[in-house]
Amino acid sequence: HGTVLTGEGRLNLRNARFATDGGPLDAGCRCEVCGVHSRAYLRHLLTVQEPTAGRLLTLHNLSWMAAFMAEMRSAIVVGRFGEFRARILSRWR
C-alpha cells in the first residue's frame with residue numbers, strides 16, 4: 001500500500017512529495033533497499049503497479065522492524081525503556 005516505517009514515523013510513499021526525492025527510505029536504515037533505491041524510484045514502482053515495489057518495501061519494513069525490536073530490547077536490558085518509549089512516541093505522533 002506504500003507505507004514505509006522510518007525512525008521519524010510512518011511515510012506514505014504514494015504522496016506526490018516523494019516523486020523527486022532522491023533520498024533513501026530512512027537515512028538511518030542499513031537495509032539493502034535503502035542502500036540502493038531512492039524514495040522517488042520506489043514511488044514510481046508503486047505508481048506503475050510494479051509488483052517489485054511491494055517486495056522492496058516489505059524487505060525494508062521487516063529490516064526496520066527487526067532493528068527497532070533490537071533497540072527496544074537493549075533499552076529494556078539497560079533499564080531505559082521509559083526514555084526509549086518517550087522518544088519513539090514524540091517522533092511517531
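Of the 93 residues in the protein chain, 35% are buried, where buried means under 20% relative accessible area, exposed means over 50% and partly exposed covers what falls in between, worked out with a 1.4 Å probe on protein chains only. Keep in mind that this is a predicted model, in which local features need pLDDT of at least 70, side-chain atom pairs count only at pLDDT 80 or more, and totals for chains, interfaces and linings use all residues. Residues are numbered from 1 along each chain as its sequence is written, and side-chain values use heavy atoms, with hydrogens and water left out.

Now for the layout. The protein chain has four helices and two strands, in the order β-β-α-α-α-α along the sequence. Helices here are DSSP runs of H or I with at least four residues, strands are runs of E with at least two, and both are numbered from the N terminus. The C-alpha trace spans about 45 × 25 × 20 Å along its principal axes. If we take the contacts with a separation of 6 or more, 43% of them join residues 24 or more positions apart, a contact being heavy atoms within 4.5 Å.

Let's go inside. In soluble globular proteins, nonpolar side chains tend to be buried together. A nonpolar core, as used here, is a set of buried Ala, Val, Leu, Ile, Met, Phe, Trp, Tyr and Cys residues joined through side-chain atoms within 4.5 Å. The largest one has 15 residues, and those with the most contacts inside it are Val-4, Leu-13, Leu-25, Val-33, Leu-42 and Leu-57. Helices α1 (32–36), α2 (39–47) and α3 (51–77) each put at least two residues into this core. Apart from it lies another core, of seven residues, including Trp-64, Phe-68, Met-72 and Ile-88.

Leaving out residues up to four places away in sequence, Leu-25 touches Val-4, Thr-6, Leu-11, Leu-13, Val-33, Cys-34, Arg-39, Leu-42, Leu-57 and His-60. Two of those contacts, Arg-39 and Leu-42, belong to the buried residues of α2, which are Arg-39, Ala-40, Leu-42, Arg-43, Leu-45 and Leu-46. These buried α2 residues pack against β2 (9–12), α1 and α3.

Follow the chain out of α2 and you reach Gln-49, in the loop between α2 and α3. Most residues other than glycine have a negative phi, and most peptide bonds are trans. Gln-49 is not a glycine, yet has a positive phi of about 60°. At 69% relative accessibility, Gln-49 counts as exposed.

What about the cysteines? A disulfide is a covalent bond between the sulfur atoms of two cysteines. With a disulfide taken as a pair of cysteine sulfur atoms within 2.5 Å, the count comes to zero. The closest cysteine sulfur to that of Cys-29 is in Cys-31, and at 3.5 Å it is too far for a bond. Cys-34 is in no disulfide either, with the sulfur of Cys-31, the nearest, 3.7 Å away. Cys-29 is buried at a relative accessible area of 15%, and Cys-34 is buried at 10%.

On a 1 Å grid over the protein atoms alone, a pocket is an open set of points where a 1.4 Å probe fits, with protein on both sides within 12 Å along at least five of seven lines, and lining residues have an atom within 4 Å of a point. The largest pocket has a volume of about 260 Å³, volume being the space filled by probe spheres set on the points, which are joined across faces, edges and corners. Its lining has 14 residues, with Asp-26, Gly-28, Trp-64, Ala-67 and Glu-71 nearest the centre. Both α3 and α4 (81–92) supply at least two lining residues, and α3 gives the most, with five. The lining divides into six nonpolar, three polar and five charged residues; Ala, Val, Leu, Ile, Met, Phe, Trp, Tyr, Cys and Pro count as nonpolar, Asp, Glu, Lys and Arg as charged, and the others, Gly among them, as polar.

Finally, back to the start of the chain. His-1 is in the segment before β1 (3–6) and is exposed at 87% relative accessibility. Beyond its neighbours within four places in sequence, His-1 is in contact with Asn-12 and Arg-14. Arg-10, in strand β2, is exposed as well, with a relative accessible area of 59%. Residues up to four places away aside, Arg-10 touches Thr-3, Val-4, Leu-5 and Trp-92.
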